[in-house]
Amino acid sequence: MLDVILRKAEPADLPAVLAFWQGAAENGNRPVDTAEAVEALLARDPEALILAIGDGAVVGTIIAGWDGWRCHLYRLAVDPDRRRAGIGGRLIAAAEERFRALGGTRADAMVLDANERAHGIWTAHGYRPQPEWSRWVKPLG
């Protein structure tokens, strides 16, 4: 098993993160990722993007967004060749620990309805769909 460390992303990681998401993130309907968008995330909340690094490469990510009131999880992605090795669970646990340290009391996760493989990890970590809510979106560009 590959040794994996978890750490916050640094600006120098952005090209590798963007390349990683091209192969590991599963949502063709999401807006195109840009370095500027991820730079803005890190400028606003330098601890939000947590990376799993194995053998010098990004093998997993999660965004643990905290707005001062709510805890939001986005972009849980694991290298397809390294799935089912515990990386995703470690990323979720690290995000939850960050939230607890900030005073968060409840987290929500963005999970694609059609991504049934992802449902298993979220369920295993205590997350459940909330049927009385829907996500409404509007492109701002």
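With which side chain does the side chain of Asp13 make a polar contact?

Modeller: This is a predicted model, in which local features need pLDDT of at least 70 and side-chain atom pairs count only at pLDDT 80 or more, while totals for chains, interfaces and linings use all residues. Residues are numbered from 1 along each chain as its sequence is written, and side-chain values use heavy atoms, with hydrogens and water left out.

The side chain of Asp13 makes a polar contact with that of Arg7, at 2.7 Å. A polar contact is a pair of N or O atoms within 3.5 Å; within protein, one must be able to donate a hydrogen and the other to accept it, and residues adjacent in sequence count only if both atoms are side-chain atoms. A polar atom of the Asp13 side chain also lies 2.7 Å from the backbone nitrogen of Glu10.

Asp13 is found in the loop between strand E1 (4–8) and helix H1 (14–24); helices (H or I, at least four residues) and strands (E, at least two) are DSSP runs, numbered from the N terminus. With a relative accessible area of 12%, Asp13 is buried, a term that means under 20% relative accessible area, whereas exposed means over 50% and partly exposed lies in between (1.4 Å probe, protein chains only).

When neighbours within four places in sequence are left aside, Asp13 is in contact with Arg7, Lys8 and Leu51, contact meaning heavy atoms within 4.5 Å.
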